[in-house]
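Trainee: I would like to go through this model with you. Can we take it question by question?

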Amino acid sequence: MMRKAFEYCRNCHEYYDVDLNALGVCRYHSDNPELDDDSEVWAEFFDKSCGMPPPDSFMEDPDFEEGYRMSCCDRRLNEPGCVVSRHKPSL
Ligand SMILES: [Zn+2]
Ligand SMILES: [Zn+2]
């Protein structure tokens with residue numbers, strides 16, 4: 001039986017090489033991003049939307065990356081995860 005070379009990590013949501021899984025290779029956030037409505041990124045948006053919050057799909061948009069913070073650690077979306085661990089295979 002062949003061993004799987006890659007597994008999908010349920011911490012960081014990336015595929016990883018099972019032979020290279022050591023403590024420290026997996027970094028992820030323990031909580032979800034939240035809207036940082038004080039960010040100036042949103043000034044124009046809120047002007048146009050009359051205060052309606054942006055759709056979640058904006059999180060994927062690099063132009064609005066600055067407008068979110070991780071609720072676990074207040075870091076930006078593109079900053080390394082606050083939890084350092086090893087990859088955990090999804091079942
Ligand atoms: Zn975090
Ligand atoms: Zn991982």
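Trainee: Is His13 buried or exposed, and why?

Mentor: First, the conventions: this is a predicted model, in which local features need pLDDT of at least 70, side-chain atom pairs count only at pLDDT 80 or more, and totals for chains, interfaces and linings use all residues. Residues are numbered from 1 along each chain as its sequence is written, while chains are lettered from A and ligands numbered from 1 in the order in which they are written. A residue is buried if 20 or more other C-beta atoms, placed from the backbone, lie within 10 Å of its own, exposed if 12 or fewer, and partly exposed in between. His13 has 9 C-beta neighbours inside 10 Å, so His13 is exposed.

Trainee: Where is His13 found?

Mentor: Strands (E, at least two residues) and helices (H or I, at least four) are DSSP runs, numbered from the N terminus. His13 sits in the loop between strand E1 (6–8) and strand E2 (15–17).

Trainee: What is the phi of Asp74?

Mentor: Most residues other than glycine have a negative phi. Asp74 lies in the loop between E5 and E6 and counts as exposed because it has 11 C-beta neighbours inside 10 Å. Although Asp74 is not a glycine, its phi is positive, at about 70°.

Trainee: Which residues is Arg75 in contact with, leaving aside its neighbours within four places in sequence?

Mentor: Arg75 lies in the loop between strand E5 (68–70) and strand E6 (83–85). Arg75 is partly exposed because 15 other C-beta atoms lie within 10 Å. Contact means that the C-beta atoms of two residues, placed from the backbone, lie within 7 Å. Beyond those sequence neighbours, the contacts of Arg75 are Arg69, Met70 and Cys82.

Trainee: What pattern does the protein follow along the sequence?

Mentor: The protein has one helix and six strands. Helix H1 covers residues 43–49. Read along the sequence, the pattern is β-β-β-β-α-β-β.

Trainee: What radius of gyration does the protein have?

Mentor: The C-alpha trace spans about 60 × 25 × 20 Å along its principal axes. The radius of gyration is taken over C-alpha atoms, and the globule rule is 2.2 Å times the number of residues to the power 0.38. For a compact globule of 91 residues the value would be near 12 Å, but the protein has 17 Å.

Trainee: Which element has the highest mean pLDDT?

Mentor: pLDDT is the predictor's confidence in each residue, from 0 to 100. The protein averages 93, and 98% of the residues score at least 70. Among the elements, helix H1 has the lowest mean, 93, and the highest, 97, belongs to E6.
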